[in-house]
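Me: Here is a structure I have not looked at before. Please walk me through it.

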Amino acid sequence: MSSDAPVLKLYNTLTRAKEEFRPLDPANVRMYVCGPTVYDYAHIGNARPIIVFDVLFRLLRHLYGADHVTYVRNITDVDDKINARAAERGITIRELTEGTNKIFQEDVKALGCLEPTVQPRATEHIAEMIALIEKMIAAGHAYAADGHVLFDVPSMADYGRLSRRPLDEMIAGARVDVAPYKRGDMDFVLWKPSKESEPGWESPWGRGRPGWHLECSAMSWKHLGEVFDIHGGGIDLVFPHHENEIAQTRCAFGHEAMANYWMHNGFLQLEGEKMSKSLGNFVTINKLLTGWKGIAWPGSVIRFAMIQSHYRQPIDWTSGRLEEAAARLSSFRQRTAGAPDSKPSLWLIEALADDLNTPEAVVELNRLFEQLKHRPGDFESAGELRANCRLLGIDLDEVNLNEMLRASRTDLDEAFIEERIQARLAARAAKSWAESDRIRDELAAMGVALKDNKDGTTTWEVKR
Ligand code: AMP
Ligand code: ZN
């Protein structure tokens with residue numbers, strides 16, 4: 001890392017504080033992020049950790065050098081949801097996970113994410129999982145009972161350090177199953193037996209399959225070692241998943257830590273409501289890319305919309321957020337067309353080094369853009385704006401608002417138009433005339449003409 005580079009500070013869930021980041025080995029900075037369970041299309045909530053940690057990966061590569069960062073994001077391809085879905089569709093789990101993973105890879109590539117250094121699959125690390133269990137048993141932290149192997153929670157004096165919850169809350173949060181083979185209520189499964197019809201692997205405890213938490217301990221060990229730098233995922237994973245990963249890895253190897261910095265992104269909700277697959281209230285990445293609310297949103301627009309909020313804050317995902325992002329990036333593209341990419345600005349690196357302060361970065365990008373508006377011939381600043389966007393994983397050439405709106409005309413979405421009309425009426429009621437005009441122009445670009453009636457309603461017709 002060069003001496004004039006800003007100091008990287010990250011909020012560490014372990015200590016509940018923003019800390020200076022000191023890698024174990026600056027020549028090989030190591031990060032692990034819990035990846036998807038590939039049983040279905042990934043939704044926009046799942047895209048949040050993918051984008052957030054991609055921004056961090058890019059920043060680390062910038063600060064330490066592209067060849068000095070190892071990023072591991074796993075693929076969970078053994079899981080009871082996978083078994084159920086494969087059985088439902090009458091295919092093997094391998095067929096299901098191959099297909100779903102392929103779509104996932106295409107989706108995240110479209111979102112401008114770099115490929116992680118390694119994307120290990122759980123099913124290819126069964127031997128490491130068995131070896132880990134054997135180490136835990138030998139160290140007196142796990143026991144076999146009735147075809148299962150369980151982690152003995154009371155055997156670890158400081159279990160619960162990450163989530164800092166009182167024991168009774170932990171018991172409730174873990175939704176513990178009471179089972180006759182368990183010694184303690186909190187003990188969790190490392191290995192469980194598989195029925196003939198279920199996927200399974202031979203092990204010293206019979207044919208079975210791993211518990212979910214064990215997979216990440218095995219894959220991070222294999223690819224990053226016994227102790228590494230950063231471990232990330234969504235805030236919902238703090239307990240029990242990350243707590244249990246820590247318990248397994250630390251008790252298998254006897255170190256003070258599994259990873260030194262634990263980072264968690266906040267949750268994303270959809271139009272004011274919690275996303276829920278079971279209630280049908282969710283939107284997939286694929287749907288956004290191919291057509292949501294009448295528009296196929298470019299990956300860069302989705303990404304820019306996502307990083308408007310700081311990664312630890314909640315996000316409310318709406319089409320308004322996407323529209324604003326699209327309009328912004330489209331004007332960035334127009335203003336910077338033809339300028340050669342130069343170097344990213346120091347202020348951008350400084351904002352990102354401050355616990356990934358992307359909202360601050362966006363404010364500064366806008367400031368640079370405003371400056372450009374007054375200095376149209378300033379190629380240097382134009383190149384800087386492009387380079388800044390590139391560092392954030394945003395490809396300005398992808399975003400042409402007029403083309404997006406024109407393309408959307410062939411497939412007019414009436415619900416979307418109604419919604420825009422309501423948004424415009426709300427803007428007018430609030431005397432936000434500029435916003436009201438903007439919505440009218442946006443619809444006009446789609447070939448939709450508005451008519452304001454005397455009774456205060458607005459109707460529309462298609463003009464082509
Ligand atoms: P899952 O496939 O449910 O294990 O989730 C994969 C990743 O997406 C995990 O890191 C989750 O924390 C994260 N995640 C799931 N839903 C959301 C959401 N609504 N907002 C933000 N992150 C989420
Ligand atoms: Zn994990």
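Reply: Start with how helix packing is described. Axes are lines fitted to C-alpha atoms, for helices over the stretch in contact, and angles run from 0 to 180 degrees between N-to-C directions. This is a predicted model, where local features need pLDDT of at least 70, side-chain atom pairs count only at pLDDT 80 or more, and totals for chains, interfaces and linings use all residues. Residues are numbered from 1 along each chain as its sequence is written, chains are lettered from A and ligands numbered from 1 in the order in which they are written, and side-chain values use heavy atoms, with hydrogens and water left out.

Me: At what angle do α1 and α9 pack?

Reply: Helices (H or I, at least four residues) and strands (E, at least two) are DSSP runs, numbered from the N terminus. The axes of α1 and α9 lie 10 Å apart, and the packing angle is about 85°. That makes the two helices, α1 and α9, roughly perpendicular (angles of 65 to 115 degrees; under 35 is roughly parallel, over 145 roughly antiparallel, the rest oblique).

Me: Which residues of α9 meet α1?

Reply: Contact means heavy atoms within 4.5 Å. From α1 come Ile44, Ala47, Arg48, Ile51, Asp54, Val55 and Arg58. Their partners in α9 are Ile302, Arg303, Met306 and Ile307.

Me: Is Asp54 buried or exposed?

Reply: Asp54 sits in helix α1. Its side chain makes a polar contact with that of Arg303, at 2.4 Å (a pair of N or O atoms within 3.5 Å; within protein, one must be able to donate a hydrogen and the other to accept it, and residues adjacent in sequence count only if both atoms are side-chain atoms). Buried means under 20% relative accessible area, exposed over 50%, partly exposed in between (1.4 Å probe, protein chains only). At 1% relative accessibility, Asp54 is buried.

Me: Which residues coordinate the zinc ion (ligand 2)?

Reply: Donors are N, O and S atoms within 2.8 Å of the metal (3.2 Å for Na, K and Ca); water is not among the atoms, so sites may look incomplete. Here the distances are 2.0 to 2.3 Å. The donors come from Cys34 (SG), Cys216 (SG), His241 (NE2) and Glu245 (OE).

Me: Why is the arrangement around the zinc ion (ligand 2) irregular?

Reply: Four donors count as tetrahedral if all angles lie between 85 and 135 degrees; four count as square planar and six as octahedral if opposite donors are over 155 degrees apart and all others between 65 and 115; anything else is irregular. The arrangement is irregular because the 4 donor atoms subtend angles of 77 to 128°.

Me: How many residues apart in sequence are Cys34 and His241?

Reply: The donor spacing in sequence is C-x181-C-x24-H-x3-E. Cys34 lies in the loop between β3 (29-33) and α1 (44-64), and His241 in helix α7 (residues 238-253), so the pair ties together parts whose separation in sequence is 207 residues.

Me: Which peptide bond is cis?

Reply: Look at helix α7, where Pro240 lies. Omega is near 0° for the cis bond from Phe239 to Pro240.

Me: What is the phi of Leu356?

Reply: Leu356 is in the loop between α11 (346-353) and α12 (358-374). At 2% relative accessibility, Leu356 is buried. Although Leu356 is not a glycine, its phi is positive, about 50°.
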